[in-house]
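Keep the view open as you read.

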Amino acid sequence: MNAPGPAPFGALATDLRRMHEESFTGSLRVFGPPDTTLHFHHGLVIAVPTPAAPGPDTLLLRTGTVGADTWATARERALATGDLGAELLDRGHVSAALLELALTRSVLDGVFAMGLTPSNRGGQVLPGALPPLLRLDEGIDPDQALREAARRHTNLTHRWGPPADLARLRPAAEAAPERAPSRAHHDLLLRADGRRTPRDLAFVLGREVSAVMADLTRLAERGLIDLAERHHEGALTRRLPESRTTEEKDRPLVRRTPGANGMRRAPRADATLPTALPADLAARLQETLRAPGDLLEGDG
Amino acid sequence: MSKVGDAVRNILECSGSRAVMLVDRATGHAFVSMGEQGLLLPAESVGEVYQMAESVQLAGSGHEVVETESIMVTTAAYHHVIRPVPGGGSDGPLLSVVFDRGRTNLALARRELDARAETLLA
């Protein structure tokens, strides 16, 4: 059982198999970036929370399967019981089959996403670590999860190229969403704006990263989406100076007058206001400034 | 048996059904498969066939997206039916069911399958 695991997981597979054989309960934190935590119960994987792929909460909430308010209430209760899935099921917010599908998808996608960053190195074993609030009741054999993740990597490689490269791209729609053959593709075209990575699209749509990437390659094959790499000079957008108009170019530079920007004192209350107002109006305004009770009067 | 497995077993109990598989359309992952495995289409092919049908449907309907209800492939011995599972959202799973042609009235089998599929994720 010490044979290397399927690419791109390699040595990690050996560790996961050993945990399965030892009927391990707890968690394994695989260092990234990003860090990924695999939660085990009796040697089976029950949850894989990672920033690299949407969790079951995103899959259920973003698709509207469970409402945000309902979720918040159930989660609050689950903080006491430790089992959000049971809370959602007991109150009929989601069916058992639908919840299990979302959890299964999340686990498989989390393992898939680990393979997108081959820089994953080392890890930390935490025996008896608390499981997340939302997890599978019956976990998945880690070897089965790795094989499925590797199959998805292989499929993407055959269809397009290295999945790790695809994950870094920011797809842009080349056609109107109405030309998409299905609702899922329509939603993808609608949001592929050249700024979002497949991971961003997965979080926005509440879908698995692996599913989004597979659909992106299908849309690219049909010429509905552009997967070409876009080169950015840096993380921040550089704002270029606007070109000046001919009139601006011809205008001479403003000459600075010495002392013109100095601090100016406020006029005294009894000072004659330098104004171009008519004489009678200026006199009335001057009178107003000298009205009894006016704070200015004491200064005079 | 998982909850999804329980739900899929209910589909296998359709009269004339020989094998059932629940497939993720986009990734081609088989969540569950039951019955005579050798009769089932490869899981990856189920998703591809469904998407090909959607594209053909789009081209043949003046580029208006109309939901594909089901796809049927009939051989001398079997009816293969592929259909989305209601309530799974825009990225819901697909059901692939193989019926024994000699023991099945296709119209009745489809009606029974539709009724059972309605409750699969409900």
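Which residues in H3(A) are buried? They are A:Trp71, A:Ala74 and A:Ala78, where buried means under 20% relative accessible area, exposed over 50% and partly exposed in between, with a 1.4 Å probe and protein chains only. Before going further, some ground rules: this is a predicted model, where local features need pLDDT of at least 70, side-chain atom pairs count only at pLDDT 80 or more, and totals for chains, interfaces and linings use all residues. Residues are numbered from 1 along each chain as its sequence is written, chains are lettered from A and ligands numbered from 1 in the order in which they are written, and side-chain values use heavy atoms, with hydrogens and water left out.

Seen down the axis of H3(A), the buried residues fall within an arc of 75 degrees, so they line one face of the helix; the arc is taken from the directions from the helix axis to the C-beta atoms. An α-helix has 3.6 residues a turn, so residues three or four places apart point the same way. Turned away from the buried side of H3(A) is a face with the exposed residues A:Asp69, A:Glu76, A:Leu79 and A:Ala80. The helix covers residues 68-81 of chain A, and its 14 residues should span 20 Å at 1.5 Å a residue, which agrees with end C-alpha atoms 20 Å apart. (The expected span is 1.5 Å times one less than the number of residues.) Just after H3(A) comes A:Gly82, with a positive phi of about 85 degrees.

What do the buried residues of H3(A) pack against? Helix H2 (56-62) and helix H4 (84-90) of chain A. Helices here are DSSP runs of H or I with at least four residues, strands are runs of E with at least two, and both are numbered from the N terminus. Leaving aside neighbours within four places in sequence, A:Thr58 is in contact (heavy atoms within 4.5 Å) with A:Thr63, A:Phe203 and A:Gly206.

Chain A also has an open sheet of 4 strands in the order S3-S2-S1-S4, with antiparallel pairing; two strands pair if DSSP finds at least two bridges between them. Its edge strands are S3 (44-47) and S4 (123-127) of chain A, each pairing on one side only. Strand S2 (residues 36-41) of chain A and S3(A) share 3 bridges, and A:Phe40 has A:Val45 as its bridge partner in S3(A). Helix H1 (residues 11-21) of chain A packs on this sheet, its direction making about 175 degrees with that of S1(A). Such angles run from 0 to 180 degrees between N-to-C directions, with axes fitted to C-alpha atoms, for helices over the stretch in contact.

An open sheet of 5 strands has the order S2-S1-S5-S4-S3 in chain B, with antiparallel pairing. Strands S2 (30-35) and S3 (71-74) of chain B each have a single partner strand, so one side of each is left without a neighbour in the sheet. Strand S1 (residues 17-23) of chain B is joined to strand S5 (residues 94-100) of chain B by 6 bridges, and B:Val20 has B:Val97 as its partner in S5(B). Helix H1 (residues 3-12) of chain B lies across S1, S2 and S5 of chain B, at about 145 degrees to S1(B).
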